[in-house]
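Here are my notes on this entry.

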Amino acid sequence: MTTLSQSGGRRLIDLVPHIVLIVGVLIFAFPIYVTLIGSTWDSATIGRGNLPLTPGGEALVNYGQAWSESHGARASYTPVRVMLLNSLVMALTIALGKIAISIISAYAVAFFRFPFRMAFFWMIFITLMLPVEVRIIPTYKVVADLGLIDSYAGLTIPLIASATATLLFRQFFLTIPDELVEAAKIDGAGALRFFVDVVLPLSKTNIAALFVILFIYGWNQYLWPLLITNSADMETIVIGITKMIGTGEAANDWNLIMATTVLAMLPPIAVVVLMQRWFVKGLVDSEK
Amino acid sequence: MQRRVIFDNKLLPYLLLAPQVAVTLVFFIWPAAQAIWQSVHIQDAFGLRSEFVWFENFQVVLSDPNYVGTVKTTAIFSVAVTALSLGVALLLAVLADSKIKGARAYKTLLIWPYALAPAVAAVLWMFIFNPEIGSLGRLLNRLGYDWDYRLNGDQALTMVVLAASWKQVSYNFIFFLAGLQAIPRSVMEAASIDGAGPARRFWSITFPLLSPTTFFLLVVDMVYAFFETFGTIHALTQGGPGKATETLIFRVYQDGVVNNDLGGSSAQSVILMVIVIALTAVQFRFVERKVHYA
């Protein structure tokens, strides 16, 4: 080390953060890379545990088969296009539904005065303390009694109430200046007109931010769809993957499983990367 | 808090609240009440009659050595996941926030794992650490280390901890980064001028000023480890081998859905509710005060 000049030592120390960050990035990227590579090889190569680190030539076959056929070499599955559609319907309904019912209830709580206003507000607030996991069996029973097993309604409506979104919108509504409301009232605009013409346009950024968070929340649901969907037509893609793996034996259709995994990751990752700015804002705002 | 200027429709606010309130009543309040009701009743074998038994279900649950074991597993699991994901995220955030080249690129490359489902994260880890098909799993065995998380309980627990933490780092990273950006540059510069080195600046300025963020994340990560990791465990180990990776939420599912024990499962649900309420209450108390112990 004594031969290193002062500036050389500096540069070496400056490299340390880069090295740590690159190692971090690699730890996060490596499993994805392996999965991508795996989805381009045949199942025998993967099953033997000899997966190379470079792409193979089976990509088209694997993705084609996973996308549209309901059976691999060893077992039958729900085709990916069916599962992707189910996941998409679930994620979109949950995200848009949560935003819709939260924004109108936040509007009611912020812009009106009426009996039991705070009682309603607290009732919505309490849902924060009852994640679906802790009330899973009785909620399942309610959905079963309503005949909603194996339906999109059963899959989405019980998850659609949102205290966080309501709180976020309410907080934002309280910052809309009184003068704006007064001006609208003088112009003869009613509550609904004001909501559509002023409040909704002002909320655009908040809506976009929440959409990213809630879309991912919906897409990644696990325990609930596991209980609510029995038929193969209703399977969501995240559940589908673990069903394909089963007990994880070497003789699985690993090529199809890896292709399915890649297709399951693409939509939420695309949403996060493409909407990064809103996503970070939404995450930090809605949790504060 | 209430606005000064408001609209004065009589019916409209109720209509606007109706959908949210309906969903909350039918799918939140009612099932939660059911869980509480069932937790103090025992049903006969045919589900025809139920008898009020006070806290017998809770007694049965809490005196079951298996349940105590599950509590222990959950404690180890959630503390490990929280500590690991917080520590790694803080390190990466501090480095990515400093004025280094490519900070933006590092940020983008580190936040996307947030998009992955816990179960998918588990599957990715399996592709690598499975002793038969995973490259690292095979490598461990070839090096003479007897690696099979499907048979060895400690290895299984290590696997689920790593997979669950791996997925949570990006969430913590985003919040630490936001917290770091809120620290005024002038404070850091002043400390620099006074001769404080990077380590000293971190421990006496950055870390205390980050404490509200850290505390908030501590609670969020605990809740994550308690509940959302159901997918990780279900996909990777199914609670096994034996009960080595069975956490409280996995057991509720196991007892309620697989074994169909309503009273016991409801008592467990109520215990979980108490835990969530306690965590939420603690979180709000401290967030209100905006702790930093500086």
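1. What share of the contacts in chain A with a separation of 6 or more comes from residues 24 or more positions apart? Such residues account for 73% of them. The model is predicted, and every value here should be read with that in mind.

2. Chain A has 15 helices and 0 strands. Its radius of gyration is 25 Å, well over the 19 Å that the globule rule gives for 288 residues, so chain A is more spread out than a compact globule. Along the principal axes, the C-alpha atoms of chain A fill a box of roughly 75 × 70 × 35 Å. Of the 288 residues in this chain, 46% count as buried.

3. The largest nonpolar core has 155 residues, and the members that touch the most others are A:Val212, B:Val120, B:Val123 and B:Phe173. Helix α4 of chain A (residues 80-111) gives the most to this core, with 17 residues. Domain 1 (6-68) and domain 2 (80-287) of chain A each supply at least three residues to the core.

4. Which residues does B:Phe173 touch, leaving out those up to four places away in sequence? They are B:Ala89, B:Leu92, B:Ala93, B:Leu110 and B:Ile111.

5. An unreviewed UniProt entry lists "transmembrane region" for several spans of chain B, including 108-128 and 156-180. In the model, residues 108-128 of chain B are 71% helix and 0% strand, with end C-alpha atoms 24 Å apart. Residues 156-180 of chain B are 100% helix and 0% strand, and the end C-alpha atoms lie 35 Å apart.

Note on methods: Residues numbered from 1 in each chain as written. Chains lettered and ligands numbered in written order. Predicted model: local features only at pLDDT ≥ 70, side-chain atom pairs only at ≥ 80, totals over all residues. Core = buried A, V, L, I, M, F, W, Y, C linked by C-beta atoms within 7 Å. Buried ≥ 20, exposed ≤ 12 C-beta atoms within 10 Å, placed from the backbone. Helix = DSSP H or I, 4+ residues; strand = E, 2+ residues; numbered from the N terminus. Domains from an automatic or database assignment. Contact = placed C-beta atoms within 7 Å. UniProt positions renumbered as here; feature names shortened; annotations may be inferred. Rg over C-alpha atoms; globule rule 2.2 N^0.38 Å.
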